Amino acid sequence: MRGHDWSWLHPVIICVIIAAVAYAMFNFGSVKRLVVGKPMRTRDLRESRNLLVWWMALPVLSADLYSSVAYGPEAGITELAGLGENAKWLILPITAMTVLLLIILITSYIMGVIAYPNGGGAYAISKDNFQRAWVPLLAASALMVDYVLTVAVSVASGIQNLASSYPVLQGHETSLSLLCVLIILLVNLRGISESSKVFAYPTYVFMACMLLMIGVGFWDELRHGFVQPHTPPFGVVPQGLTLMLLLKAFSSACSALTGVETISNAVPIFREGKNGAIKAYIALGLITGVTLLGFAYHLYVKGISVNPNNTMLSQLAEGYFGHGFMYQFIMWSTLVVLILAANSTFTGFPQVAALLATDGYLPRALRLRGDRLGYSNGMIVLAALASLLIEIFHAQTNNLIPLYAIGVFVAFTVAQLGLIKRWARVKGRLWRLKAGINAFGAFITALVSVIFAVTKFTSGAWIVLVVIPLMIYLAMKVHRHYQDVADELRIDLKVDRPQQHRIVSVVLVSGIHRVVLDTISFAMSSTPNVLALYIGFDDESIEKMEEKWEAWGNPCRLVTVKSEYRSLLQPLSKFIRRLETYEGGKPDHIQLFIAQFVPKKWWHNLLHNQTSLLIRAWMLRHKDVVVTTVPYHLKK
C-alpha cells in the first residue's frame, strides 16, 4: 500500500508562516503580548515572586550539568574500549577523578559566589583580578562559545535519540531541533519564573530516575553478589595503556562537568541571594557526585560494554527493568532532559552578554531587559547562533562534540587563577588554603583544556581555538568604538552652548490633497522659510502641478524637478546638495517634511508603497538634513 503524499504540506506551511510574519509586522504589539506576556515594571525585578527559591532554581540551572551524567562516564571509557575487557575497571578511577574535580570546581565557584554575589562567574572574577582586558574577555568568550554549543549539542542529541526510536522522524532532525530551540526561547522570553514552571519538573524526574536505577542496582547486587559473572577483573593494567590515552579518557569523561558555572553566573535570580546559590551548589554537587559514582560502579559490576547503537545507560536500564514501562520512562526522561539541558544556558548566556555589554565590549542592546525583565536580546542571539550551528551541521552531534567543553575548561582555569590573585591580595582567614584549592583546580582544568585541544584538534577543536581569539578581537574593537563615540560626543560645559540655526524647510509633495495641506500647514507653523518640492517624471505632470499650485494660491514657493529615470531618491539628494551650497556657502540645517499614511487596518499597509521609510533611510547620508515625518491617519 502506498503511503500518503505529504508533498503539499510544505508549501502550505510556508504560506502560513508568511501570513503570520506579515500579521506580526503590522500588529507587533498584540503578537508580542500573546507570545511574551504582559510587560512588567522595573521595580518588579527584585520582588520575590519574580525570583526563584534555590530548590526551584536548582533544576533550571543544573540541567546542563546533570544531564551529562548520562554520557560522561561512557565518553571516558569509550576512549579505552579498544584495550579490551581488562580496561573496563578504569571507569571507576576515571569517574572518581571526575567527581574529585567536580568537588574542586564547586568549592571554587562557591568561593566566587561569596566574593562576587552579583553574578558573572568567571568574567566577574577575572575582570576584578586582572588588569589586562583580554583576560576577562578570554573567560567570557570561552563561556559564550560553550553556551552556544551546549544548546546545539543538547537539542540535536535529544532529537537524534528520539529519531532513532521513531524512524518516521528520520530525515527531519534539523527541523525538529530548530523547533525545539524556538520553543525553549519562547518559554524563556516569558520570564524566569515561567520557564522554571515548565522546565524544573522534568529535570527532577530525570534525577529521580537515575537515583532509582542506582538504588535498584544495589538491591540487585545484594541479591546476586557484588562480583557477578560479567564483572571484569579489577586492577589489571591492560596492554597498550599509555599516559596520553588515560588522560584523553579522563578529559572525555570531564564532559560531564559542563554547566558548573551556570549557577555562579545567575546569582541575581535567587530569592535568597548568594546563600541560595551556595545551597544549590551543595545540593547539585551531592546529587551529581552520587549519580556519577553509582552509575559508573554499576556499569563496572554488570560489565557493560561500549555499543555505538545502544548507550551504556540504555543497556544498564534494560538489564534492571527489561523493555517494560520503567525502561521506556527512563529513556524518555533522558531524552527530555537532554533537550532541556539547553534551557539553563538561556539564563547564563544573557547574563554574561549583559555584563560585557555594560562594560562596552558587546552591543548595548544586550544589556537591556525585555518586557518580562529578562535579557531578551541575549536569549534571541543565543537561539540564533545555536540554530545556525544546527543548520550548518544538519543536527549531527558527531561534528559538534569535539568543539564541546574546551571553552568551559578555559573559563574554569581563568576564574581560578583570578581567585588565587584575589586571596593573595585580600588575605583573610584561611586564604592560603583557599588559594591552594584554586591553584590545584587551575592546574587540573588547564591540563584538561590542553588535552582537549591536542587530542581533538584535527576533529574540529581548531574551530574553537580560532573563534575565541576572534571574539576577543571583535570585543576590543567594539569597546574602542564606544570610547571613540564618547570622546566625540563629550562637550565642555563651560564653552559649548546651544546655537540657533537658520533652517530651510522642504516639503516633499506628490500632488495637492489633504495630506499635503496638513504637512505644509505644519511646516509653516514651525519655520517661516518653507519650500515645496515636486519631482515629476515627465513635462506634462510638472506643468499640471504648477497650474494647480498657482490656482491654490501659491501657499509657499514651489520647486519642480524632472526625473527622467522615474527615481525619487537621486533627484532629491541632488536638490538637497544644491540647496546646502546655495544657502550661504556654509551648509546649514535643512528640514525635510515627509507625509505618511497611517491606515486604519493593518492589511491596508500592503496597498500603499512605503516610500517615506525608504526616503528616511536614504537621507541618513546627509549629515545636516533633519527628516520629519508628518503622519496622516486614514479614517476608513
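Modeller: Leu430 sits in the loop between H16 and H17. The model is predicted, and in it the phi angle of Leu430 is near 55 degrees, a positive value in a residue that is not glycine. Leu430 counts as partly exposed because its relative accessibility is 47%.

Take H16 to begin with. Helix H16 covers residues 406-426 and contains Arg425, whose partner Asp128 is in helix H6, residues 121-129. Arg425 and Asp128 form a salt bridge, and their closest N and O atoms are 3.3 Å apart. Arg425 has a relative accessibility of 45%, so it counts as partly exposed. Asp128, at 39%, counts as partly exposed too. The contact also belongs to a network of salt bridges that links Asp128, Arg422 and Arg425.

Helix H17 (431-455) and helix H5 (91-115) are the elements that give two or more residues to the lining of the largest cavity. Where is empty space left inside a model? Rolling a probe the size of a water molecule over the atoms shows this. Here the structure holds 1 cavity of 30 Å³ or more, and the largest cavity has a volume of about 40 Å³. The residues that line the largest cavity are Met97, Leu100, Leu101, Ile104, Phe250, Phe440 and Ile444. H5 gives the most to this lining, with 4 residues. By type, the lining divides into 7 nonpolar residues, no polar ones and no charged ones.

Back to salt bridges: how many does a search of the whole structure find? The search finds 9. One of them joins the side chains of Lys88 and Glu85, at 2.8 Å from N to O.

Another salt bridge is formed by Glu540 and Lys544, whose closest N and O atoms are 3.5 Å apart. These residues are 4 apart in helix H20 (residues 539-551), so about one helical turn separates them. Lys544 has a relative accessible area of 48% and is therefore partly exposed.

Asn554 lies in the loop between H20 and strand S3 (557-562). Phi of Asn554 is near 45 degrees, again a positive value in a residue other than glycine. At 44% relative accessibility, Asn554 counts as partly exposed.

One surface feature remains to be described. Phe218, Trp219, Leu222, Phe226 and Val227 form a nonpolar patch on the surface, and together they have about 570 Å² of accessible area. Among them, Phe218 lies in helix H9, which covers residues 192-224. Phe218 counts as partly exposed because its relative accessibility is 37%.

Definitions and conventions: Residues are numbered from 1 along each chain as its sequence is written. This is a predicted model: local features need pLDDT of at least 70, side-chain atom pairs count only at pLDDT 80 or more; totals for chains, interfaces and linings use all residues. Side-chain values use heavy atoms; hydrogens and water are left out. Patches are made of residues with over 30% relative accessible area and no salt bridge: like charges are joined within 9 Å, nonpolar side chains (Val, Leu, Ile, Met, Phe, Trp, Tyr) within 5 Å. Accessible areas come from the Shrake-Rupley method with a 1.4 Å probe; for residues, only the protein chains shown count as cover. A salt bridge is a side-chain nitrogen of Lys or Arg within 4 Å of a carboxyl oxygen of Asp or Glu. Buried means under 20% relative accessible area, exposed over 50%, partly exposed in between (1.4 Å probe, protein chains only). On a 1 Å grid over the protein atoms alone, a cavity is a set of points where a 1.4 Å probe fits but cannot get out, and a pocket is an open set with protein on both sides within 12 Å along at least five of seven lines; lining residues have an atom within 4 Å of a point. Grid points are joined across faces, edges and corners, and a volume is the space filled by probe spheres set on the points. Ala, Val, Leu, Ile, Met, Phe, Trp, Tyr, Cys and Pro count as nonpolar, Asp, Glu, Lys and Arg as charged, and the others, Gly among them, as polar.
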